[in-house]
Amino acid sequence: MTDLNEPLSRGRKGGGAKRGEGPTAGGNGTPVPEAKLHEFAELLFFAYRDFTGDPDAILKDFGFGRAHHRVLHFVNRHSGLRVADLLDILNITKQSLSRVLKQLIDQGFIEQQAGSSDRRERLLYPTESGRALAERLAAPQFVRLTNALEAAGPGAEAALRRFLEAMINAEDRPKVSSIMSTMPAETRQGDKGDES
C-alpha cells in the first residue's frame with residue numbers, strides 16, 4: 001500500500017529530486033519552494049481540465065470519451081499506424097484499446113486493414129468522418145494553445161516545448177521524439193518558421 005506521507009519523487013520513474021535536495025528551476029541551482037510547486041501542479045490540473053473540456057463536450061454527442069479522442073488523434077496524425085504501436089504510444093492494455101477501437105470502427109471513424117508485408121499486422125486509418133471529427137476536436141484546443149502562447153510572449157514556444165519534454169519520463173523521451181518526428185510533413189514544414 002502507498003504511504004501517503006512519502007514524497008512522490010521517491011521510487012518513481014523520472015521522479016526528480018530526492019528528499020532533502022529540493023528541486024531547482026532553470027538549471028541555476030535555486031530551489032523551488034514547495035508552495036510554488038503546489039501552485040504549478042494546480043495550474044496544470046486547471047489547464048488540463050479546460051484543454052480537454054472543449055473536446056469532451058463534442059465527444060459527449062457521440063457517446064465517446066477521452067480514450068476515443070486519444071485513439072482518433074494518433075490514428076489521424078499517423079495514418080497506417082499499427083495497432084501494436086498504438087498500444088505502445090497510449091501505454092494501455094490490449095483489452096482497453098480493443099473496446100474503444102471497436103466502437104470507432106463500428107461507427108465509421110476508423111478502418112482497419114491487414115499489412116501488405118505481414119497480413120497479421122493490423123493497420124489503422126481514419127475515414128473521412130474520422131478525419132473530420134479529429135479536426136473538430138482539435139480546433140478549440142488549437143485556439144486555446146494559440147491564445148496561451150501569444151499571452152506568454154516571446155520565447156514561449158521554445159520554453160513550453162522544453163518544459164513539456166522534461167515532464168515526460170526520461171526513458172520515454174526518445175520514443176516520444178520518434179513519434180513526433182514521424183508527424184505529417186505539412187505540419188513539420190509549418191513549424192520550421194517558428195523555431196528560434
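I started at Leu81, which stands opposite Leu124 in β5. I noted that the model is predicted: local features need pLDDT of at least 70, side-chain atom pairs count only at pLDDT 80 or more, and totals for chains, interfaces and linings use all residues. Residues are numbered from 1 along each chain as its sequence is written, and side-chain values use heavy atoms, with hydrogens and water left out.

**Strands.** I looked up the partners of β5 (residues 122-126). Strands here are DSSP runs of E, at least two residues, and helices are runs of H or I, at least four, numbered from the N terminus. Two strands pair if DSSP finds at least two bridges between them. Strand β3 (residues 81-82) runs antiparallel to β5, joined by two bridges. Strand β4 (residues 110-114) is also antiparallel to β5, over five bridges. Gln112 stands opposite Leu124.

**Rings.** I searched the whole structure and found three aromatic pairs (Phe, Tyr or the six-membered ring of Trp, centres within 6.5 Å; planes under 30 degrees apart are stacked, over 60 edge-to-face, the rest tilted). Phe62 and Phe64 are stacked, because their centres lie 6.1 Å apart and their planes meet at 15°. Phe62 and Phe109 have centres 5.7 Å apart and planes at 85°, so I logged them as edge-to-face. Phe62 sits in the loop between α1 (34-60) and α2 (66-77), Phe109 in the loop between α4 (94-106) and β4, so this pair ties together parts 47 residues apart in sequence. Ring pairs link Phe62, Phe64 and Phe109 into a cluster.

**Burial.** I used a 1.4 Å probe on protein chains only: buried is under 20% relative accessible area, exposed over 50%, partly exposed in between. Phe62 is partly exposed at 27%. Phe64 is buried at 8%. Phe109 is buried at 7%.
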